[in-house]
Amino acid sequence: MKENDEILVIIKSLEVRRSNDKKAHNSRVYVFHEGVGPKPLFGIANGERWSHPTALYRKFVLPKVRKEMNLDSGVSIRWSQKAGCSCGCSPGFVIDDNRGCRDVFVSVEFALKQPELPGI
Ligand SMILES: [Zn+2]
């Protein structure tokens, strides 16, 4: 996507926890936006949870998650609107690691790419 080329996603924090979901077979990644109001309610109220920029997450967030979790390149990661709840309120990435069950919480901020200065 062309307009996404100018946007950077900056990872503010990344935390890996053991999942509380005893039935889950796969790890999950949840991304939160910093500075847009109290979590998690604000994300529900403003619709953010139904309109995540997943292409940007794939570009900026998932490489860091793969590294942090030691995933080899063959492990696939898919976006699911129902990753955390069957009603769709808790979307996230599902990692096909079959080892279950870690939850990865990532806080991000967005920034615009600065134009490159000539001569640098
Ligand atoms: Zn729900």
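N70 lies in the loop that joins α3 (62-68) to β3 (77-80). Helices (H or I, at least four residues) and strands (E, at least two) are DSSP runs, numbered from the N terminus. The model is predicted: local features need pLDDT of at least 70, side-chain atom pairs count only at pLDDT 80 or more, and totals for chains, interfaces and linings use all residues. Residue numbers start from 1 along each chain as its sequence is written.

The phi angle of N70 is near 60°. This is a positive value in a residue other than glycine. N70 counts as exposed because it has 8 C-beta neighbours inside 10 Å. A residue is exposed if 12 or fewer other C-beta atoms, placed from the backbone, lie within 10 Å of its own, buried if 20 or more do, and partly exposed in between.

The protein contains three helices and five strands. Their order along the sequence is β-β-α-α-α-β-β-β. Of the 120 residues, 18% are buried. Two residues are in contact if their C-beta atoms, placed from the backbone, lie within 7 Å. Among contacts with a separation of 6 or more, 77% link residues 24 or more positions apart.

A nonpolar core is a set of buried Ala, Val, Leu, Ile, Met, Phe, Trp, Tyr and Cys residues joined through C-beta atoms within 7 Å. The largest such core has twelve residues: V29, V31, Y57, V61, V65, A83, F93, V94, I95, V104, V106 and V108. At least two residues of this core come from each of β2 (27-33), β4 (92-95) and β5 (102-112). Core residue V108 contacts V9, I10, I11, K12, V31, H33, E34 and V61, leaving aside neighbours within four places in sequence.
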